[in-house]
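User: I have a model open and want to go through a few local features. Can you take my questions as they come?

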Amino acid sequence: MQKKKKHGIAYIRSTLSNTIITVTDYKGDTKTWSSSGSLGFKGSRRSTNYAAQATAENAARTAIQPGIKSVEVEIKGLGYGKESSLRGLRLGGLIITKIRDVTPTPHNGCRPPKKRRV
């Protein structure tokens with residue numbers, strides 16, 4: 001009888017000031033999370049590539065403990081740590097099966113405000 005490998009979903013939210021990574025199972029129950037601020041990075045160091053990679057490695061290592069072996073990744077945001085957080089998940093020991101970018105993009109969006117009078 002083979003042991004079934006556990007599969008999860010990793011949500012990466014990379015903003016201009018922080019990187020937050022949440023690992024869930026397929027039902028949506030959060031197994032672990034990590035952020036640049038929770039690892040001790042302060043101020044402008046939170047938005048660096050190195051902080052994002054360290055955050056992803058920490059999230060991956062703690063996700064392996066409940067038995068998650070592979071993840072699908074959903075990336076959202078415009079921050080600098082998008083690629084390096086993928087590298088960190090890989091270095092942390094997780095197998096990445098699918099990468100999806102779900103950053104919201106406006107389809108011409110809202111009407112801009114009126115021009116400023118001088």
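User: Where is Ser85 found?
Analyst: Ser85 is in helix H2, residues 82–91; helices are DSSP runs of H or I with at least four residues, strands are E runs of at least two, and both are numbered from the N terminus. The model is predicted, so local features need pLDDT of at least 70 and side-chain atom pairs count only at pLDDT 80 or more, while totals for chains, interfaces and linings use all residues. Residues are numbered from 1 along each chain as its sequence is written, and side-chain values use heavy atoms, with hydrogens and water left out.

User: Ser85, buried or exposed?
Analyst: Buried, with a relative accessible area of 0%. Buried means under 20%, exposed over 50%, and partly exposed in between, using a 1.4 Å probe and protein chains only.

User: Which residues is Ser85 in contact with, beyond its neighbours within four places in sequence?
Analyst: Ile12, Ile21, Ala52 and Ala56. Contact means heavy atoms within 4.5 Å.

User: And what does the side chain of Ser85 reach?
Analyst: The backbone oxygen of Gly81, at 2.8 Å.

User: Switching to strands. How many bridges join S2 to S3?
Analyst: Five, between S2 (residues 19–25) and S3 (residues 30–35), running antiparallel. Two strands pair if DSSP finds at least two bridges between them.

User: What is the partner of Thr22 in S3?
Analyst: Trp33.

User: What about the turn of that hairpin?
Analyst: Four residues lie between S2 and S3, and Gly28 in the turn has a positive phi of about 100°.

User: Last one: what is the phi of Asn108?
Analyst: Near 80°, positive in a residue other than glycine. Most residues other than glycine have a negative phi. Asn108 is in the segment after strand S5 (95–101) and is exposed, at 77% relative accessible area.

Terms used. A polar contact is a pair of N or O atoms within 3.5 Å; within protein, one must be able to donate a hydrogen and the other to accept it, and residues adjacent in sequence count only if both atoms are side-chain atoms.
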